[in-house]
Amino acid sequence: MSHDHSLNPETMPHEPEKATLEGKNKFLGFWFFLGGETVLFACLFGTYLALKESTAGGPTTNDLFGLELVFIMTILLLTSSLTSVYAMYHMKNNNFKKMQLWLGITAVLGFAFLGCELYEFNHYIHEYGFTFRSSAFGSAFYTLVGFHGGHVTFGLLWLLALMIRNAKRGLNLYNAPKYYVFSLYWHFIDVVWVFIFTVVYLMGKVG
Amino acid sequence: MAENTNSNEVNPYQKRKNKLEMQKQLITFALMILFTIIAFVIVATGMMQKMFVIPVLLILAIIQVAFQFYYFMHMKDKGHDMPALMIYGGIWAALLTLAGLGVITWW
């Protein structure tokens, strides 16, 4: 169908992601999905808050967490949110190459975040013996933070698939909604992380 | 697909509008970094009493998330009534969930 929707300066719509019915439906459907994701993460946050004191004699939040690494991870993810805004800016200017470039930077930042998270989990397991099975706190912590990390992993695979599949196609009205919906997903991951660094790490350090 | 010109030209008015929009996004990003740094500094220096720290941290987080939704995810723009309905519906159900879990744990 893409040949019907090829873009050039005369046919370029203001919002290529919503110029087709399919695009509009994806846009609405994806926001509906994000509403559901909000509830999913609320359940995990509620469980974590209820169980974080149940350490079964193991390390507490205050023993485990270090603010330096969390700060670096926060900056990485927040910056990757901005780079995907840049990517959508170039999409609206019909500049496919620059869009791919900024999405590539987003992917690099996402992988850096994921690397930090793996290092962090590895550190807790080997230095503190703090695992998923250590305590109710351990289960709740790894479920909540791990689910977020899983979302990042899925997002990165999704992004790479989009970038590689469409590399030679260029931007058209068929793939513009796909890129746009990905950017919404990526921002949502950052939204969840804002609550994780606040509720889990910062509030865990306060007591 | 061969017709894809992928030229960088867009109507100049629209291009200028996009640029102005991007400037707003950059200001949003700067503010979000600022809020993040404030939150970390409050906790790292232990400058505030425990009773006040948690509400302040939560307020900073909510402001940051509002920026993310309204600017980065364009909820401030036209045609986002349904997305706002969906996300506020989700937030409503999320608050009920948190309240429910809180009540069975601490009541």
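This is a predicted model: local features need pLDDT of at least 70, side-chain atom pairs count only at pLDDT 80 or more; totals for chains, interfaces and linings use all residues.
Let's start with how chain A holds together. Of the contacts in chain A between residues at least 6 apart in sequence, 80% link residues that are at least 24 apart.

Chain A contains six helices and zero strands, and its pattern along the sequence reads α-α-α-α-α-α. The C-alpha trace of chain A spans about 65 × 30 × 25 Å along its principal axes. Of the 207 residues in chain A, 44% are buried.

## Where chain A meets chain B

Now for the partner chain. In the model, 51 residues of chain A are in contact with 47 residues of chain B. On the chain A side, helix 1, helix 3 (67-92) and helix 6 (176-206) each supply at least two of the residues that touch chain B. Which helix of chain A gives the most to this side? That is helix 1 of chain A, with 14 residues.

What is this side of chain A made of, by class? The side of chain A that touches chain B has 27 nonpolar, 20 polar and four charged residues.

## A helix pair across the interface

Helix 1 (residues 21-51) of chain A packs against helix 3 (residues 81-106) of chain B, with an angle of about 15 degrees between them and their axes 8 Å apart. Angles under 35 degrees count as roughly parallel, and therefore helix 1 of chain A and helix 3 of chain B are roughly parallel to each other.

The crossing of helix 1 of chain A with helix 3 of chain B is right-handed. Sorted by class, the contact between these two helices has 18 nonpolar and 10 polar residues, and no charged residues.

## Annotated stretches of chain B

Turning to chain B, an unreviewed UniProt entry carries the annotation "transmembrane region" for residues 26-46, 52-73 and 85-106. How much helix does the model show over residues 26-46 of chain B? Here the chain is 95% helix and 0% strand, and the C-alpha atoms at the ends of residues 26-46 are 30 Å apart.

Over residues 52-73 of chain B, the model gives 95% helix and 0% strand, with the end C-alpha atoms 31 Å apart.

Definitions and conventions. Residues are numbered from 1 along each chain as its sequence is written. Chains are lettered from A and ligands numbered from 1 in the order in which they are written. Axes are lines fitted to C-alpha atoms, for helices over the stretch in contact, and angles run from 0 to 180 degrees between N-to-C directions. Helices (H or I, at least four residues) and strands (E, at least two) are DSSP runs, numbered from the N terminus. Angles under 35 degrees count as roughly parallel, over 145 as roughly antiparallel, 65 to 115 as roughly perpendicular and the rest as oblique. A crossing is left-handed if the near helix is turned anticlockwise from the far one by less than a right angle, and right-handed if clockwise. Ala, Val, Leu, Ile, Met, Phe, Trp, Tyr, Cys and Pro count as nonpolar, Asp, Glu, Lys and Arg as charged, and the others, Gly among them, as polar. Two residues are in contact if their C-beta atoms, placed from the backbone, lie within 7 Å. UniProt positions are given in the numbering used here, feature names are shortened, and annotations may be inferred rather than shown by experiment. A residue is buried if 20 or more other C-beta atoms lie within 10 Å of its own, exposed if 12 or fewer, and partly exposed in between; C-beta atoms are placed from the backbone.
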